[in-house]
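Student: I have a fold on screen and want to learn to read it. Where do I start?

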Amino acid sequence: MHVPLNHTEFSQTLSTLRLGVDPSDLHGSLTGFLCGGGRASISDWLEVLALDPDGNALSSHAALQRLFRSCSGQFSASPADVEPLLPAVSAPVSQRADALVEWCRGFLGGFGLAGTIQRIELSADAKEVLADFGTVAASRFDASEKSEDAQALADVLDFARNGAALLHAEISNGARIAARSLH
């Protein structure tokens, strides 16, 4: 049975493990890495993302394994079913907006680690999505609890979901085309 990740609980776990990373950032990093075609397993993904210098010391932790399965599972659906790990909808809009900024930062870092740009020529749309992720990642939202701020956050969140799905689809197709051309 799939149990959704909870931002608050996961934050406490990361604090206990002293990984020094925010839950949204970590989720974004792994999502971006996998979206970009990066290869990792449940036992080595922390090391691949340069978060476990001891090599697999933390990979057996149940919450981290659950995070890996959750991120990997996002791309098993067609189209991808990406859901950034953010605080609950009941959390203040400003807190959710800050977490989305962290998720986008992590996504870009993980995507870069995957090395996609060196292997596949991205379309103009994919490049624009990455540039827009960069804009979000560099942002500092001045959000209030007004309904228009909540709607703006919902719009950016939808963009992040759809952008990650677009990137995954393009990279998956590009990797298949590249593999066929090598044979």
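Tutor: Start with the order of elements. This is a predicted model. Along the sequence, the protein chain runs α-α-α-α-α-α-α-α. That comes to eight helices and zero strands.

Student: What share of the 183 residues in the protein chain is buried?

Tutor: Buried residues account for 43% of them. The accessible surface is about 9600 Å², and carbon and sulfur atoms hold 52% of it.

Student: How do I read the contacts along the chain?

Tutor: Look at sequence separation. Take contacts between residues at least 6 apart in the protein chain: 71% of them join residues at least 24 apart.

Student: At what angle do helix α1 and helix α2 pack?

Tutor: Compare the two axes. Helix α1 covers residues 7-17 and helix α2 covers residues 23-35; they pack at about 95°, with axes 9 Å apart. Angles of 65 to 115 degrees count as roughly perpendicular, so α1 and α2 are roughly perpendicular to each other. From α1, His 7, Phe 10, Ser 11 and Leu 14 make the contact; from α2, Pro 23, Ser 24 and Leu 26 do. These residues divide into four nonpolar, three polar and no charged.

Student: Take Ser 24 of α2. Is Ser 24 buried or exposed?

Tutor: The cut-off for buried is under 20% relative accessible area. Ser 24 has 0%, so Ser 24 is buried.

Student: Which backbone oxygen does the side chain of Ser 24 reach?

Tutor: That of Leu 85, at 2.6 Å. Beyond its neighbours within four places in sequence, Ser 24 also has contacts with residues including His 7, Leu 86, Ala 99, Glu 102 and Trp 103.

Note on methods. Residues numbered from 1 in each chain as written. Predicted model: local features only at pLDDT ≥ 70, side-chain atom pairs only at ≥ 80, totals over all residues. Heavy atoms only, no water. Axes fitted to C-alpha atoms, helices over the stretch in contact; angles between N-to-C directions. Helix = DSSP H or I, 4+ residues; strand = E, 2+ residues; numbered from the N terminus. Parallel < 35°, antiparallel > 145°, perpendicular 65-115°, else oblique. Contact = heavy atoms within 4.5 Å. Nonpolar A, V, L, I, M, F, W, Y, C, P; charged D, E, K, R; others polar. Buried < 20%, exposed > 50% of the residue type's maximum accessible area, 1.4 Å probe, protein only. Areas by Shrake-Rupley, 256 points an atom, 1.4 Å probe, with all protein chains shown as cover. Polar contact = N/O pair within 3.5 Å; in protein donor to acceptor, adjacent residues only side chain to side chain.
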